[in-house]
Amino acid sequence: MRRDIPPLAEVRRITEKKRDAWWTVLLVDPVATPLVRFTAMRTNITPNQITWGAFLLGLGSAACFAFGDWKWLVLGAVIYHFSFILDCMDGKVARLTGQGSVFGAWLDFVFDRIRVMVCGVALMGGQYERTGDTLYIWLALAVVGLDTLRYINSLEIFKIRHTMRKQIKTRMRAARRAQNEAELAFMEDLLRDNPQADIEQDLQKARGEAPYEMPPRTGAEAGAEAEAGVDGAAEGEAPQGAVAPKAQVIDLHQEFRRKFPLYLRVRSFLLRHRIRAHLISGIEFQMGVFMIGPLFDVVMPATIVSGVLLLVFELAIIYKLLLSTRDFTRTIDSFEEERVAAAAA
């Protein structure tokens with residue numbers, strides 16, 4: 001038995017995300033996190049082995065779905081949920097024990113997509129055999145297509161945001177070298193690791209007050225943020241114990257926050273409970289199709305409603321990205337204006 005595994009409260013802090021899907025926060029983490037601690041303390045199971053276990057359980061769930069009868073649907077739904085719990089455990093065990101790997105991340109992603117595809121085809125195929133309704137054939141294609149769309153869209157949005165941030169950092173680094181200015185940080189990064197500041201800023205903006213200002217950081221804090229992935233913290237940080245210059249914060253979601261003040265209040269409430277504002281993501285879509293539908297024998301309506309809600313939230317993310325690109329353009333233009341003004345001076 002390993003003696004270096006911390007108490008459960010510390011395991012929660014290390015392994016649970018600061019923001020996560022509401023299904024995970026409410027129905028998975030309360031079970032998964034204690035199991036993660038037990039697994040790390042008393043077994044030699046690796047994260048990749050857990051990934052394989054989740055995948056095999058998913059295949060077992062698909063086999064149950066294929067029979068089509070309600071009793072088999074219920075069993076398949078229960079097995080699918082246990083499969084998802086294991087799927088959440090592999091990453092937590094990797095973070096807790098330091099056994100994470102690039103190949104493990106790839107394996108987890110690929111097995112997730114295969115599991116959704118196989119379960120979707122099995123579930124809808126079983127219902128087609130049970131009812132003869134050809135709409136289930138189309139729903140099978142819809143489930144696979146929507147799951148693929150969700151992850152392709154997420155990847156492309158990540159790449160676009162990465163490109164925008166990279167261009168801004170390039171401009172700011174050039175300015176820092178020329179003028180010895182303060183470091184650069186992105187608002188979303190600063191707030192991601194400080195939910196209370198996130199909530200306070202949103203509430204202040206909703207009330208029309210002055211925006212929340214992040215306090216000056218010490219050199220030690222800057223180093224900690226660099227390890228957490230906060231842009232700009234690693235380069236030009238102050239010596240240990242010294243007070244670093246206040247970072248110039250770039251907020252690429254200003255227009256979205258301004259257009260939807262009510263969203264800020266809802267988001268703040270959700271953040272207090274560790275729930276992200278993206279309420280219907282790929283996780284909730286899967287649970288609607290593979291758990292709620294089979295458990296209550298409402299596979300067709302549950303799949304249709306889950307698919308529509310997923311599309312609505314994906315369109316909202318795309319709209320938010322559109323507004324973010326406008327903030328990006330204004331930020332780049334402001335750099336150019338500052339450069340011209342400095343040259344004229």
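## H1 against H4

Helices H1 and H4 are roughly perpendicular to each other (the class for angles of 65 to 115 degrees), because their axes cross at roughly 105°. Those axes come within 9 Å, with H1 covering residues 8–15 and H4 residues 70–97. Helices here are DSSP runs of H or I with at least four residues, numbered from the N terminus. Axes are lines fitted to C-alpha atoms over the stretch in contact, and angles run from 0 to 180 degrees between N-to-C directions.

On the H1 side, Val11, Ile14 and Thr15 meet Lys92, Arg95 and Leu96 of H4 (heavy atoms within 4.5 Å). That contact divides into 3 nonpolar, 1 polar and 2 charged residues; Asp, Glu, Lys and Arg count as charged, Ala, Val, Leu, Ile, Met, Phe, Trp, Tyr, Cys and Pro as nonpolar, and the others, Gly among them, as polar.

## About the model

This is a predicted model, where local features need pLDDT of at least 70, side-chain atom pairs count only at pLDDT 80 or more, and totals for chains, interfaces and linings use all residues. Numbering starts from 1 along each chain as its sequence is written, and side-chain values use heavy atoms, with hydrogens and water left out.

## H12 against H13

Now for H12 (residues 282–295) and H13 (residues 299–344): their axes come within 8 Å and cross at roughly 170°. The pair is therefore roughly antiparallel (over 145 degrees).

H12 brings Gly282, Phe285, Gly288, Val289, Gly293 and Pro294 to meet Val299, Ala302, Thr303, Ser306, Gly307 and Leu310 of H13.

Definitions and conventions
Helices (H or I, at least four residues) and strands (E, at least two) are DSSP runs, numbered from the N terminus. Angles under 35 degrees count as roughly parallel, over 145 as roughly antiparallel, 65 to 115 as roughly perpendicular and the rest as oblique.
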